[in-house]
Structures are given as structure tokens and as C-alpha cells.
Amino acid sequence: MAPIQKLLSAFIIALTVPVSASAADYSHYLRHIPPAENFGQVVLDNYSHKAGVLPVTFDHWLHRAKFTCRLCHIDIGFAMKAEMTEISAADNMSGYYCGACHDGKRVFDGRNIFGSCAENYTEDEGKRCARCHSSAEAEERKYDYKSFSEKLPKLPGNLIDWEKAESEGKVKLTDFLEGVSYKREPLKAQDDFTIKIRSWDVIFSHRKHTVWNGCELCHPMIFPSTKRGTTKYSMFQIMMKGEYCGVCHTSVAFSVWLCAKCHITLVE
Amino acid sequence: MKNFSRFTLLSLLFLYLFFGNCIVGNFSSVYAQDDWKQEYSSVCAKTQNAMILTPEELKSYIDRCDKLLALINELEGEQAATEKKVYTKRVKMCRELYQFALEYKEHK
């Protein structure tokens, strides 16, 4: 790790861990977390503006409540960074990416999933474009965070507690999409392990992560090291650059600012 | 008689070359299309258990991924650009995981 990054990491920790506050009191950290309705929001504009439509505003929370991470990021093939997939309308119309579900035919929860893109459409059908090609507040979106998340368990910062929501049966995640997913053998999760960080150890649960992600979502793309302890990464890289744990925990999974969710010795 | 045999033989040869090629050609291209998708499903189905595969098994899967990537790269047709983009990424993810598991085992 570069000395400057070490220094910045120490600075971040000094800023974020108030001496007087108990570790599980998140009131000091909440100002760093974006509003829950915008947490994990992705704006896609590879081709939209050029095609004369607004960029796509994608809400992670809406899709996260229905599907596992693996289904979208492995089976369907969405990249883990915004705009890296370079989705085109032609891709969607061929039944890939958004079009894998949004084909106008597939039924989910007893409802037809609206079709994503079309070459020819009437003015009325064109309104459908705005369900994705619009700002998050647009009327055409049909969902708003407040009513959608009302009955779901929450974390500090009004973020949805996905783990609890699933264990309480409030969300049932689909992990297989007919015609898209391939059949996998049952998962044999690797052991959990402890990451020693000064006095604030992290217990990493492979089981909790693989159940939604599989293996290839993290290895080797996010965590390339094949020998435990050889890759050193800092809180600066995680929190500010969105690397390592920060790839998911600055976007869709619980926020990195909820320190004690990982650094268990802070709680103890 | 000699002319008749020659004519029959040439006709049969023509029929074989024309129709045989059409039938086999069409069949094989359809079959090949299904074949690479089946191979994709088969080769990536083991990713969940990559860590319990032996180094030999992992090498074999990596080899199969490489062959599959070459096949995908040669796809032609209306949807080829999209299929190439989607499946190249998917197969690469499987391949890289097998490579990761192999290196992990070798370090161990």
C-alpha cells in the first residue's frame, strides 16, 4: 500500500470513529451515506443521448428485492461497473441484458414484465420507454422507495436490511431464469475466516456471500489473490475508490459506513 | 450398358454432393449452434465446486473454456455481435475462476 494511502486510511478512520460514540451508534456515520432511495442508483448513458432519449436510471433496490446478484451479474452478464456492459437497444431486443426479462412476455409474480426496447412503437407505447429512460423521480416509474420498502426491515440510514428481509421471508429471491441460467451443481461454501486488522477484526462469511453471489462474481475479478493475506487493501480503497468490499458495499449491499457490521471487535 | 452405369454413377454422385451436403450442412450448423451452448452450460456448471476440483480437472475445464471462446469468436449471423459480447464475458468469468482455483491449489 502506498504511504499516502496509508495516511488517508488512518485519516478516514480517525474521522469516522468518534472516541465517545459506541461502535454500534451510527449517528456519526449517517451523513456519509447517500439517501436510501439513491443508494446503488446507476445511470447508464452509453447510447441513450445519442439516440435522443434520456439515460437509463437503474435502481438496484427494486431489482435486488427480486433476484440474486448472481442471476444478473453472472447469468445475464451485467458488468459490476456502471456503463461497462455497453448495453444497446439491439441487445435488449435480442433478448439479452434488460431484454432477458423485459421482453414483454415473461411473467413474474403473476404479472407481465414490460418489454424494454422496440424498433417501432406507437406514441402510447413510447411512454413505456420512460419507465427506464427517465430520472428516478419520474411519474412513469411506478415504484418509489418509500412505499416499496415500507414493510422491509431497515438498517441505519433507512437502507434495506436484505439479509434480514430474506431470513424473515419478506423477499424471495429468484436465482434461475429459464433459457438464461445454466444449471449449477449445489454450492459447497468455503469456510468463514477472520481478517486481522489491528484490533478491529473482520469475520468474513463465505456462506453469506456465496449464497447470493456464487464464486466467480468475486474471484478473481474483485479479490484476485490466491493466497490469503497477500493482497493488502485499505479503507481508502474500499470506501473512496469502491474497490474490494467497496464494489458492492458502496452500492447495493449494506453501506461501508456501518463499520460494526464487518468489524465485529468494534461491537464487542 | 457402360454409358448407363457411368450416367447412374455420375447422377448418384451429383445427388450425394448436392442434397447430402445441404442436409448434412444444415444439420451440422444447427447442431453446432446447440452444441456450443450445451458446452457452455456444461463447462460452467462446475464453478460452484471449483475449489474441490483436482488440478487436472481444473486444467481440463480451462482448456474447454479456451476452445469454447474460440468457437464463440467465430459466431456469425444477425445476433452474433450480441452473443459474442454476452457469452465471451460469461465464459471468461468461468475460465478465470477455474484459473484462480488452480493457482490457489498450486500455492497451497
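**View 1. A salt bridge joins Arg141(A) and Asp59(A) in this predicted model.** A salt bridge here is a side-chain nitrogen of Lys or Arg within 4 Å of a carboxyl oxygen of Asp or Glu. Arg141(A) sits in the loop between α6 (123–126) and α7 (145–149), and Asp59(A) in strand β2 (56–59), so the pair ties together parts 82 residues apart in sequence. Helices (H or I, at least four residues) and strands (E, at least two) are DSSP runs, numbered from the N terminus. Arg141(A) is buried at 9% relative accessible area. Asp59(A) is buried too, at 8%. Buried means under 20%, exposed over 50%, partly exposed in between (1.4 Å probe, protein chains only).

**View 2. Arg64(B) pairs with Glu39(B) in a salt bridge.** Their closest N and O atoms are 2.9 Å apart. Arg64(B) belongs to helix α2 (55–73) and Glu39(B) to helix α1, 25 residues apart. Arg64(B) is partly exposed, at 25%. Glu39(B) is also partly exposed, at 22%.

**View 3. Lys85(B) meets Asp91(A) in a salt bridge.** Here the closest N and O atoms are 2.5 Å apart. Between chain B and chain A there are 2 salt bridges.

**Notes.** Residues are numbered from 1 along each chain as written, and chains are lettered from A and ligands numbered from 1 in written order. Local features need pLDDT of at least 70, side-chain atom pairs 80 or more, while totals for chains, interfaces and linings use all residues; side-chain values use heavy atoms, without hydrogens and water.
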